[in-house]
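Dear colleague,

I am handing over to you the structure that follows.

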Amino acid sequence: MPEGDTVRQAAKRLHSALAGTVLTRSDLRVPRFATADLTGRAVLNVTPRGKHLLTRVEGGLTLHSHLRMDGSWRVYANGQRWSGGPAHRIRAILGNADRTAVGYRLPVLELLRTTDEDRVVGHLGPDLLGPDWDPSLAMANLLREPALPLGEALLDQRNLAGIGNVYKSELCFLLGVTPWLPLGELPPERAAQLPGLARKLLEYNRDRPVRNTTGRRDQNLFVYGRAARPCLRCRTAVRRADQGDGSRERPTYWCPVCQQGPAPVSGS
């Protein structure tokens, strides 16, 4: 599941393959930009911003993509067989003399002027892995709605950018509170820990192929994906429920003993 760390890894791969080279192939397979042609333009850089990817090219243009739940960018040596999925799932192809980057299942893909990037990422809060990271601002953003459940606030990229369902569940476990606890009820000492702990988790995983929040080799995650399995601390069965307004699936995991606060009665 792409979150701030995996998006940064994708940006690093794309930047290494494309930056500083001239595009010899360009194919944007979305109706609005199907006729756009970037061939002959040099790629300047590929920059992550929260969960967004900004591929900047000569001429003041930026290709903006977002992976959401199952999008991905794959990089192949020219002549190498593509293996990211069926051809009808490809949304973008960018290639140079040596490498080809292929974007699969991209739910967001648009070409815009680089000067207009604020239109797509200007709403984001401080990036947990970016140069603009500001823990005080992130916490102030979170506390603007003290009645909002912690888990929902962490997923709101306007507060801080880079957290998804996995880190939401893991961070709440490490703070010892449920994702349904209203922000205003978060104990002050735990609120003080939140920004630094969130950044620590993503920093630790920014270059790891397999995400790990436990520091253990035998188990990578404390609660996420572990419904009905024993909690690594107290051995109580981990529970699962969806969180949010129901418009999107938001699987949430927690330990009913190690984490204090409200929780759904119907969770599995």
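**The pair α5 and α6**

The crossing of α5 and α6 is right-handed. Please note that the structure is a predicted model.

Which residues make the contact between these two helices? On the side of α5 they are Y167, L171, L174 and L175. On the side of α6 they are R190, Q193, L194, L197, A198, L201, L202 and N205. Sorted by class, this contact of α5 with α6 holds 9 nonpolar, 2 polar and 1 charged residues.

The geometry of the pair may be described as follows. The angle at which α5 and α6 pack is about 130°, and their axes are 10 Å apart.

Is α5 mostly buried or exposed? Of its 11 residues, 10 are buried, so the rest of the structure largely encloses this helix. The buried residues are N165, V166, Y167, K168, S169, E170, L171, C172, F173 and L175. They pack against α1 (4–18), α4, α6 and β10 (251–254). Just after α5 comes G176, with a positive phi of about 75°.

**The pair α3 and α6**

Helix α6 also packs against α3, at an angle of about 125° and with the axes 9 Å apart. The two helices, α3 and α6, are therefore oblique to each other. Their crossing is right-handed. From α3, the residues P135, M139 and L142 take part in the contact, and from α6 the residues A191, L194 and P195. By class, the contact of α3 with α6 consists of 6 nonpolar residues, with no polar and no charged ones.

**The nonpolar cores**

How many residues does the largest nonpolar core have? The number is 27, and the residues with the most contacts inside this core are L142, L150, L154, L160, I163, L171 and L194. Two or more residues of the core come from each of α3 (135–142), α4 (150–155), α5 (165–175) and α6 (188–205). The largest share, 6 residues, is given by α6.

If its neighbours within four places in sequence are left aside, L171 is in contact with L154, I163, L194, L197, A198 and L201. There is also a second, separate core of 25 residues, which includes V7, V30, L94 and A101.

Most residues other than glycine have a negative phi. Two residues are listed here with that in mind.

- R105 is located in the loop between β7 (99–104) and β8 (108–113). Its phi is near 50°, a positive value in a residue other than glycine. Neighbours within four places in sequence aside, R105 is in contact with D70, G71, S72, G84, G85, R89 and R91. From R105 to L28 the separation is 77 residues in sequence and 12 Å in space, C-alpha to C-alpha.
- A228 belongs to the loop between α6 and β9 (239–242). Its phi is near 75°, again a positive value in a residue other than glycine. With a relative accessible area of 62%, A228 is exposed.

Is T214 buried or exposed? Its relative accessible area is 15%, and T214 is buried because that value is under 20%. Leaving out neighbours within four places in sequence, the contacts of T214 are Q219, N220, L221, F222 and L232. The C-alpha atoms of T214 and P31 are separated by 44 Å, and these residues are 183 residues apart along the chain.

C258 lies in the segment after β10. At 23% relative accessibility, C258 counts as partly exposed. Residues up to four places away in sequence not counted, C258 touches F173, G176, C231, R233 and C234. Among these, F173 is one of the buried residues of α5, and G176 is the residue just after that helix. C258 and V177 are 81 residues apart in sequence, while their C-alpha atoms are 7.7 Å apart in space.

Yours sincerely

Technical notes
Residues numbered from 1 in each chain as written. Predicted model: local features only at pLDDT ≥ 70, side-chain atom pairs only at ≥ 80, totals over all residues. Heavy atoms only, no water. Core = buried A, V, L, I, M, F, W, Y, C linked by side-chain atoms within 4.5 Å. Buried < 20%, exposed > 50% of the residue type's maximum accessible area, 1.4 Å probe, protein only. Helix = DSSP H or I, 4+ residues; strand = E, 2+ residues; numbered from the N terminus. Contact = heavy atoms within 4.5 Å. Axes fitted to C-alpha atoms, helices over the stretch in contact; angles between N-to-C directions. Left-handed = near helix turned anticlockwise from the far one by under 90°. Nonpolar A, V, L, I, M, F, W, Y, C, P; charged D, E, K, R; others polar. Parallel < 35°, antiparallel > 145°, perpendicular 65-115°, else oblique.
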